[in-house]
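Please keep the viewer open as you go through the points.

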Amino acid sequence: MPVINIIVWGEKRVNSNTRKLTYNETEIYWKKYQKFFPEELRIKENNLPTEEWWSWKDYHIHLDRMSVPNSKIKVIFIHGAGGNGRLFAPYARMLQVHGYDIVSPDLPPYGLSYKESLKSTDYHEWIKIMTEFIEQEFNRDGKPIVLLGASIGGMLAYHVASLSKQVKGLIVTTFVDTSNQKVRDQIAPNKLISRLGKFTLDNFFFVLDSFRISVSKVSRMKLITNNFDLTKLIMNDPRAAGTKVSLRFLRIFLNMEPVIEPEYFDICPILLIHPEVDPMTPYRLSESFYNRLQCEKNCVILEGAGHFPIEQPGVEQMKTALLKFLIEIENDLELIED
């Protein structure tokens, strides 16, 4: 029987027998990814994340945790539309070995997370889930939170940081602001889908909302990495890009405006670690949003790296930028305490 911790922070209790699914014991697809990462970052039997479940309302959220008990801050990873928490475990490992507490949730319906009711999850619920999860994590041990959002998880992290008092730092790989028509055109396979498709979703939602579709049909998922074999793996992964989402989720995502306009965002410092060779969401799409930010900010371009960064020297530059940013946040927190 797989061992999995039961965390009761919400309204319902998750039974370890509910699905009997864990990455470590019953799901092996994620292991195929490891060969694409630098050797020192690969997840093996001796450095597996600890798996937990968090229950909130009728959601059962799977968590990958890489604990460092004496860490002064906690980093929460937020995946995008083609991933899940375990996909980012090598990057979590990168930070764990340098003394940082990491937790990576699967956002439903991705990964192992799921919902008891038949009603589809929408993008607003992703924001609510993450906002509530941050509060629960802070109440758990009092550690200040830093969010790291990848792909569309970057903008999700921005929305969530705008609503949470516990977020002390924000790291994103890209700003996919879907309130911008140019951004919608870029992330869709073509303008027919980005424009006529959105018009149809907005005007016939009462018919279409409940239908489910693979995200690869309405995005440029074939550009998620610059490695053909890795891209194929991710797209075929039923717990990553192979996941289907409701058209309601897609409609709300495409209509989402920033919770706080960037000119007025003063919640925390922001680090943009944008891949240099990212045909899926090129830097020019993030640049306009980033330039509007008036908070303390920094941008590091990861040389040679694709949308899902596995290439050097970009990965090493990512590590350097992340550690520098986290140390600066630690120092700022110490000054506040003094």
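α4, α5 (191-203), α8 (247-254) and α10 (314-337) each supply at least two residues to the lining of the largest pocket. Helices here are DSSP runs of H or I with at least four residues, strands are runs of E with at least two, and both are numbered from the N terminus. This is a predicted model, in which local features need pLDDT of at least 70, side-chain atom pairs count only at pLDDT 80 or more, and totals for chains, interfaces and linings use all residues. Residues are numbered from 1 along each chain as its sequence is written, and side-chain values use heavy atoms, with hydrogens and water left out.

**The largest pocket**

- The largest pocket holds about 650 Å³ of space. A pocket is an open set of points on a 1 Å grid over the protein atoms alone, where a 1.4 Å probe fits, with protein on both sides within 12 Å along at least five of seven lines; lining residues have an atom within 4 Å of a point.
- Its volume is the space filled by probe spheres set on the points, with grid points joined across faces, edges and corners.
- Of the 44 residues in its lining, Ala81, Ile152, Ser219, Met221 and Met280 are the closest to the centre.
- The lining divides into 31 nonpolar, 10 polar and 3 charged residues. Here Ala, Val, Leu, Ile, Met, Phe, Trp, Tyr, Cys and Pro count as nonpolar, Asp, Glu, Lys and Arg as charged, and the others, Gly among them, as polar.

**The second largest pocket**

- About 390 Å³ of space lies in the second largest pocket.
- Of its 21 lining residues, Pro109, Ser113, Tyr114, Lys115 and Arg212 are the closest to the centre.
- β6 (114-115) and β10 (244-246) each supply at least two residues of this lining.
- This lining divides into 8 nonpolar, 7 polar and 6 charged residues.

**Cis peptide bonds**

- The bond from Pro108 to Pro109 is cis, with omega near 10°, and Pro109 sits in the loop between β5 (101-105) and β6.
- Gln312 and Pro313 are also joined by a cis peptide bond, with omega about 5°; Pro313 is in the loop between β12 and α10.

**Positive phi without glycine**

- Lys57 is not a glycine, yet has a positive phi of about 55°. Lys57 lies in the loop between β2 (50-56) and β3 (59-66) and is partly exposed at 38% relative accessible area. Buried means under 20%, exposed over 50% and partly exposed in between, using a 1.4 Å probe and protein chains only.
- Ser151, not a glycine either, has a positive phi of about 60°. Ser151 is in the loop between β7 (145-149) and α3, and is buried at 17%.

**Helix packing**

- In α9 (residues 283-292), Leu285, Ser286, Phe289 and Tyr290 are buried. They cover an arc of only 120° around the axis, so they are on the same side of α9; the arc is that of the directions from the helix axis to the C-beta atoms.
- The buried residues of α9 pack against α3 (152-163), α4 (181-187), β11 (270-275) and β12 (297-302), where contact means heavy atoms within 4.5 Å.
- Leu230, in α7 (residues 228-236), is buried at 0% relative accessibility.
- Leaving aside neighbours within four places in sequence, Leu230 is in contact with Tyr33, Phe36, Thr225, Phe308 and Ile310.
- Leu230 and Trp30 are 200 residues apart in sequence and 11 Å apart in space, C-alpha to C-alpha.
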